[in-house]
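Here is a walk through one protein chain. Keep the sequence and the coordinates at hand. Which parts of the fold touch, and which face the outside?

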Amino acid sequence: PRVTPTEQAYLLYGDVERALGGLRHIRARAADIARGSAAQPLVLAATSALAVGLMPQALRALEARNGVTPVRLRSAAPEQVVQDVLNGVVQLGASSLPLEHKGLQVLWLGQAPCVAVLAASDPLAALPVVPLAALAQRRIVTMSNPYRLRHRLNAVWPQAAGAADAALQQPFIETNSSINAQALVRAGLGVAVLEPLTALGAPAEGVVVRPLDLSIPFDFGVVVPAGRPISEPAQALANALL
């Protein structure tokens, strides 16, 4: 109880976590074989949006066609999903773009328009389509990663605000999860422009989801390690996700 990790220990934490995860996988696999269960678990990594908004439906469809398959699903940041696939820790990863890497094989890419998420009591919730310009003077709940969804929102914000040098209205609220963003919106702390998978796949009570009048694409894809055979369950899941 009185032992505190040093700064150097925290720097090693990610590598140690992956190494111990690999050892746990070996131990669990050995136990499965000892019990006579030779079925290879389907080990997956996905960003929280895809793990919540897309994976459950795809896994249900996979089991309906192929029967029950052992599954281990981990949610992680996009960069961690890529690293897990590259290192062979998982068989398949699902993440937002970019996904370019020589060690990855992209099975497919998808795109869906972002949506507005508003408190149910918000006057804009009565509109069938929310003008992005109507959000220009509102506090925005936005994603903290500047290279993904946040980057797309920054690109269209000048058009919404009607000024070439406009930026997101300060102070905005940053978070690393769409589920967090929905909770912040429900509490009346702002409005959010989010990827549609979480907003529609795992809707939060007390908020409403509306399309925007300006298309902000959310790009995502499914990847496996390049140069390695794809297991049948992994390929079947990739097809179900599509």
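Start with Leu 184, which sits in helix H6, residues 178-186. The model is a predicted one. Leu 184 counts as partly exposed, because its relative accessibility is 21% and the buried class needs under 20%. Which residues does Leu 184 contact, once its neighbours within four places in sequence are left aside? They are Val 141, Ile 173, Thr 175, Leu 189 and Gly 190.

Now step back to the whole chain. The protein chain holds eight helices and 10 strands. Its C-alpha atoms fill a box of roughly 65 × 50 × 35 Å along the principal axes. The chain has 242 residues, and 42% of them count as buried.

Next comes the surface of helix H1. Leu 23 lies in this helix, which covers residues 7-34. At 49% relative accessibility, Leu 23 counts as partly exposed. Leu 23 also belongs to a nonpolar surface patch, together with Leu 12, Val 16, Leu 20 and Ile 26. The patch amounts to about 450 Å². An α-helix has 3.6 residues a turn, so residues three or four places apart point the same way.

Helix H3 shows a buried face. The helix runs over residues 55-66, and its 12 residues should span 16 Å at 1.5 Å a residue. The C-alpha atoms at its ends are 16 Å apart, in agreement with that expectation. Which residues of H3 are buried? They are Met 55, Ala 58, Leu 59 and Leu 62. Viewed down the axis of H3, these buried residues fall within an arc of 100°, so they line one face of the helix. Arg 60 and Ala 64 are exposed on the other side of H3. What covers the buried residues? The cover includes strand E1 (42-46), helix H2 (48-53), E2, strand E3 (92-96) and helix H8 (232-241). After H3 comes Gly 67, with a positive phi near 85°.

Just after H4, Gly 88 takes a positive phi, about 75°.

Side chains of opposite charge can pair when their charged atoms come close. How many salt bridges are there in this model? The count comes to three.

In one of them, the side chain of Asp 84 meets that of Arg 74, at 3.4 Å from N to O. The pair links distant parts of the chain: Asp 84 is in helix H4 (residues 78-86), Arg 74 is in strand E2 (residues 71-75), and they are 10 residues apart. Asp 84 is buried, at a relative accessible area of 0%. Arg 74 is partly exposed, at 29% relative accessibility.

Another bridge joins the side chains of Arg 138 and Asp 122, at 2.4 Å from N to O. Both residues lie in the loop between strand E5 (115-119) and strand E6 (140-143), so the pair ties together parts that are 16 residues apart in sequence. Asp 122 counts as buried, at 9%.

Asp 219 and Arg 152 also meet through their side chains in a salt bridge, at 2.4 Å from N to O. Asp 219 lies in strand E10 (residues 217-225) and Arg 152 in helix H5 (residues 149-161), so this pair ties together parts that are 67 residues apart in sequence. Asp 219 counts as buried, at 12% relative accessibility. Arg 152 counts as partly exposed, at 30%.

How values were computed:
Residues numbered from 1 in each chain as written. Predicted model: local features only at pLDDT ≥ 70, side-chain atom pairs only at ≥ 80, totals over all residues. Heavy atoms only, no water. Patch = residues over 30% accessible without salt bridge, like charges linked within 9 Å, V, L, I, M, F, W, Y side chains within 5 Å. Areas by Shrake-Rupley, 256 points an atom, 1.4 Å probe, with all protein chains shown as cover. Salt bridge = Lys/Arg side-chain N within 4 Å of Asp/Glu carboxyl O. Helix = DSSP H or I, 4+ residues; strand = E, 2+ residues; numbered from the N terminus. Buried < 20%, exposed > 50% of the residue type's maximum accessible area, 1.4 Å probe, protein only. Expected span 1.5 Å × (residues − 1). Arc of directions from axis to C-beta. Contact = heavy atoms within 4.5 Å.
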